[in-house]
Amino acid sequence: MNKAVFLDRDGVINRERGEYTFKIKDFELLPGVAATIKTAKERGFKVIVISNQGGIAKGLYTVEDTDKLHVHMQGLLSKEGAPVNDIFYSPNHEVTGASLDRKPGSLLFEKAAYRHNINCEQSFMIGDSLRDIEAAEKLGITSFLIEPNSSIEFIVKHL
Ligand SMILES: [Mg+2]
């Protein structure tokens with residue numbers, strides 16, 4: 001089985017702006033993220049993004065906008081030799097109805113674990129919101145709550 005480092009997106013990989021980030025011009029990769037992803041992969045971890053994108057349900061942007069942004073993100077990370085292994089996101093939000101895939105629901109973690117044959121007990125999650133942590137802990141993933149836009153380099157000493 002594989003091990004994984006799961007990452008929230010906004011506030012962990014790219015700068016949390018206090019509003020939805022869906023335009024390429026607003027996407028700012030945080031310092032140290034690419035290096036940390038690279039190290040995690042070198043140490044045998046898959047790196048998987050799990051993100052809530054409730055702005056889609058609210059009609060603020062589309063799945064196409066989101067996918068385009070993720071191509072851009074992967075391009076920036078690839079330039080540093082650190083593309084993530086997979087990206088899962090929930091387009092849902094309570095405004096349009098409950099869903100199991102939106103964190104703190106754990107469905108996207110379950111899908112990721114199934115697709116990548118992940119042993120959750122040997123895996124980690126970094127998020128900047130309590131719902132990130134709640135979702136991951138449902139599957140026994142060791143989780144770290146950070147301040148938005150703070151360094152994730154500490155994870156390296158756990159890997
Ligand atoms: Mg976040």
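From the N terminus on, the elements of the chain follow the order β-α-β-α-β-α-β-α-β. The model is a predicted one, and its secondary structure amounts to 4 helices and 5 strands.

The overall dimensions come next. The C-alpha atoms fill a box of roughly 40 × 30 × 25 Å along the principal axes. For 159 residues, a compact globule would have a radius of gyration near 15 Å, and the 14 Å of this chain agrees with that. Buried residues make up 35% of the 159 residues. Among contacts with a separation of 6 or more, 69% are between residues 24 or more positions apart.

Is serine 90 buried or exposed? Serine 90 is buried, because 20 other C-beta atoms lie within 10 Å, and a residue counts as buried at 20 or more. Leaving aside residues up to four places away in sequence, serine 90 touches Asn52, Gln53, Ser99, Asp101, Arg102 and Leu108. By contrast, arginine 17 is 73 residues from serine 90 in sequence and 19 Å from it in space, C-alpha to C-alpha.

An α-helix has 3.6 residues a turn, so residues three or four places apart point the same way.

Most residues other than glycine have a negative phi, and most peptide bonds are trans. Where does the chain contain a cis peptide bond? Such a bond joins lysine 103 and proline 104, with omega about 20°; proline 104 lies in the loop between S3 and H3.

Asparagine 117 has a positive phi of about 55° although it is not a glycine. With 10 other C-beta atoms within 10 Å, asparagine 117 is exposed.

Asparagine 149 is not a glycine either, yet has a positive phi of about 70°. Its place is in the segment after strand S5 (142-145). Asparagine 149 is partly exposed, with 16 other C-beta atoms within 10 Å.

How values were computed
Residues are numbered from 1 along each chain as its sequence is written. This is a predicted model: local features need pLDDT of at least 70, side-chain atom pairs count only at pLDDT 80 or more; totals for chains, interfaces and linings use all residues. Helices (H or I, at least four residues) and strands (E, at least two) are DSSP runs, numbered from the N terminus. The radius of gyration is taken over C-alpha atoms; the globule rule is 2.2 Å times the number of residues to the power 0.38. A residue is buried if 20 or more other C-beta atoms lie within 10 Å of its own, exposed if 12 or fewer, and partly exposed in between; C-beta atoms are placed from the backbone. Two residues are in contact if their C-beta atoms, placed from the backbone, lie within 7 Å.
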